[in-house]
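Morning, everyone. Let me put the model on the screen, and then we will walk through it piece by piece.

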Amino acid sequence: MTAHNCEACPAHAHLAQMGLSVDRIDRVVALAGNPNTGKSTLFNALTGLRQHTGNWPGKTVTRAEGGFTFNALRYKLVDLPGTYSLLSASHDEEIARDFLLFGTPDCTIVVADATALERNLNLVLQVLEITGKAVLAVNLMDEAKRKGIEVDVRSLSRDLGVPAVPVVARTGEGLQALLTTMDGVIGGTITTNPARARGTPEFNAAIAELVPLIEAAAPGVPNARWIAIRLLDGDGRVERALRNGELAALVARQQRPDDRFSRKIALQGAQ
Amino acid sequence: MSTDSRAIPLPGAAARGGISAEAAPPPDPELVIRRAEELRRGLTNNFRDEAVSSVYAEAERMAARAVRRGDETRRLDWDQRIDRIVTSPILGLPLMLVILAVVFWLTIAGANVPSAMLANGFFWVEGRAAALFDAAGAPWWLTGFIWHGVFRGLAWVVSVMLPPMAIFFPLFTILEDLGYLPRVAFNLDFLFRRAGAHGKQALTMAMGFGCNAAGVIATRVIDSPRERLVAILTNNFVPCNGRFPTLIMLATIFVAASFPPVLASIAAAGAVVGVVVLGVLFTLVMSWLLSRTVLKGEASAFTLELPPYRRPGITRILYTSLIDRTLFVLWRAVLTAAPAGAVIWLLGNINAGGASLATHSANALAPLGHAIGLDGVILLAYVIAIPANEIVVPTMLMVYMGGSQMTELESMSELRTLLVDGHGWTMLTAVNLMLFALLHNPCATTIITIYKETLSVRWAALGALMPLVLAFLVTFLTATIVRLFV
């Protein structure tokens, strides 16, 4: 601590890692993104935890929580399994989707791979359909540079309507800017105008009619708009969840940490 | 829509979500769903496809505006050039076997000396401490219980397990960080598909090498419930780190001993690789069987990203593999070995009708053990070691040595003498014990994990019993065949 005083170093002027401590939390931030884009690496860099990372898609299959403070506020950071789409069916992707929809994070940081932006943007656009409180972290900028790929983050910000910040999670580059931006989005000093698909008039009318009905039928359940779209699409699982009151339980589950047994086994194994 | 405008809920109606006297339609989910169905009819029937393709088109436009690609550089070529070899139809599989063999060879060759040194050190401590207790006038049973029971159990577990794990785990983590695992899945995909299983099962299988319970949780990446169950039920057929020490020890003292010293560790590594390959074959065969019986169905298609090769971070590898895995696993082994050591000492020293309880129970299990080419002591060890697989060998050795309390094993060759001359082990015993270690039921934690992931007692039971039955069947067959023809 004497040779490398992290607190005194300008890059960490306002950031302090809190590891596992997530009590008396002021704000909740989710980490979403395609598989193997570096969410867990970013999570480790911010919280000081050592969530296992691996260079393959599907390494994280549980929801991990950690804490950090930034500008004197206490944050809970939620590391989610990677997912290509909010419509996916595998269990790890459901964990990510459920938290993004029903965990009501104050901000969602979508981590994208700078070397495969086009594919990554599909998920970004889907996340923006459900929340405007989002920041795009364009990760792996170092790899992109080595591959001769240049990313114009200002163009991305303009098109998406939410800020985009270039980062290198492995070295910690750009994290300060990411946190400042996140703070601005949550606090409202940065206003967002998320890019959303304009539906047909009939579609919009149908949504407008269904949303209040859903809000009445499932009080306290966020993202009625998303549920309305799923119902219009005839999604059997969403219909079932609405019918048997599962939605309320699902919402409540997002506020609690993921099952400790599974998390521990997934991280360290048994024996 | 503000709730304030609602009247006070009528008594009895409160349970249905507070239906008010004036509020228009009651918020019945059924009505909402029906209304959604009606509205759907008014929409163009492929509105969802349009929405999805508009997202894709939008993403493409945005990426085109924001991304500028220079000339594709050498690094990209490098990745592709390596992949052309690593995932080639001809070289892919042999290369995998070579990598596996090198990892095991490094583990076995490297662990030999530190294991012997640890064992010597611990047994020196045991002898000195016991002598000290005797000199201080401690009763014989106290000395025996603490030093020849609990302490010896711990000493065995630490010296047999620590060195191989401290080498194997970092090597495995390096492969994982490099990005080799998805390539393994790519190479094995055609085999899994033919077995009616999901290609990502190769990834969960690779996690099973570390720990089968972790492998079972890793199956969450498989989206088809049928194929996920196949992957869960067959994960046990790759040996986890708890079972590797057993395999390595048997390979070292039986297989390697029949080769000249120069080749010994290579032969031992070859034997372990053989067992692992056999485990993969059993995985495929059992997946195929399950896909044709209780879990009927075809393999589904999926996409698998091959990430770029990345340089592993050394400090993180050391932390992940040594602190989180090695020490953690060792600590759990120690926690189970200490009570097991105590139980064994008690079994070996409480006499009933002229023989110890250990002898009685080993004798009772002897006919069954003999039928499958093992003996009663080995089966007794498996019963005692149900909570954790890694204490099978220490348990076995402690029961064997129960009669000659002061035997101190100073090298693997003495161990061989104890097993072969003292207890009649043959090559059949060694081979069948390796087979049994590979196939038998998963540890208690894995069974609990299967239950938690499937929420079904039936699948958990099948996950425990199928391997056990298979282990008895296979070892019975090999024993019978060997006895008939050799």
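Confidence first. Chain A has an average pLDDT of 88, and 93% of its residues score at least 70. pLDDT is the predictor's confidence in each residue, on a scale from 0 to 100. This is a predicted model, so local features need pLDDT of at least 70 and side-chain atom pairs count only at pLDDT 80 or more, while totals for chains, interfaces and linings use all residues. On numbering: residues count from 1 along each chain as its sequence is written, and chains are lettered from A and ligands numbered from 1 in the order in which they are written.

Within chain A, the element with the highest mean pLDDT is strand E6 (residues 134-139), at 98. The lowest is helix H11 (residues 260-268), at 69. Helices here are DSSP runs of H or I with at least four residues, strands are runs of E with at least two, and both are numbered from the N terminus. Residues 1-5 of chain A fall below 50 in pLDDT. By contact I mean two residues whose C-beta atoms, placed from the backbone, lie within 7 Å.

Now domains. The bounds come from an automatic or database domain assignment. Chain A splits into domain 1 (10-195) and domain 2 (201-252). Their C-alpha centres are 26 Å apart. Domain 1 of chain A puts 5 residues into the contact, and domain 2 of chain A puts in 6. On the domain 1 side, helix H2 (residues 91-102) of chain A gives the largest share, 3 residues. That side has 3 nonpolar, 1 polar and 1 charged residues. The classes: Ala, Val, Leu, Ile, Met, Phe, Trp, Tyr, Cys and Pro are nonpolar; Asp, Glu, Lys and Arg are charged; the others, Gly among them, are polar.

Chain B also has two entries: domain 1 (28-68) and domain 2 (96-485). Here the C-alpha centres are separated by 51 Å.

Next, the chain interface. How many residues of chain A are in contact with chain B? The count is 61 residues of chain A against 76 residues of chain B. Helix H7 (residues 201-217) of chain A supplies the largest share of the chain A side, 11 residues. By class, the chain A side has 29 nonpolar, 17 polar and 15 charged residues.

Strand E7 (residues 149-151) of chain A runs antiparallel to strand E1 (residues 67-69) of chain B, with 3 bridges. Pairing requires at least two bridges found by DSSP. In this pair, A:Val151 sits opposite B:Val67.

Look now at strand E4 (73-79) of chain A. Why call E4(A) largely enclosed by the rest of the structure? Because 5 of its 7 residues are buried. Buried means 20 or more other C-beta atoms within 10 Å of the residue's own, exposed means 12 or fewer, and partly exposed is in between, with C-beta atoms placed from the backbone. Strand E2 (residues 27-33) of chain A pairs with E4(A) in parallel, over 5 bridges. There, A:Arg27 has A:Tyr75 as its bridge partner. E3(A) pairs with E4(A) in the antiparallel sense, over 7 bridges. A:Ala64 stands opposite A:Asp79.

That hairpin of E3(A) and E4(A) has 2 residues between the strands, and A:Asn71 takes a positive phi near 50 degrees. A:Asn71 counts as exposed because it has 12 other C-beta atoms within 10 Å. A:Thr104 also has a positive phi, near 40 degrees, and is not a glycine. The loop between H2 and strand E5 (107-113) of chain A holds A:Thr104. With 16 other C-beta atoms within 10 Å, A:Thr104 is partly exposed.

Last, the cores. A nonpolar core is a set of buried Ala, Val, Leu, Ile, Met, Phe, Trp, Tyr and Cys residues joined through C-beta atoms within 7 Å. The largest holds 123 residues, and B:Val272, B:Ala381, B:Val399 and B:Met434 touch the most other members. Helix H5 (residues 140-178) of chain B contributes its largest share, 14 residues. Beyond four places in sequence, B:Ala381 contacts B:Val392, B:Thr395, B:Met396 and B:Val399. A second, separate core has 89 residues, including A:Cys107, A:Leu125, A:Val168 and A:Ala169.
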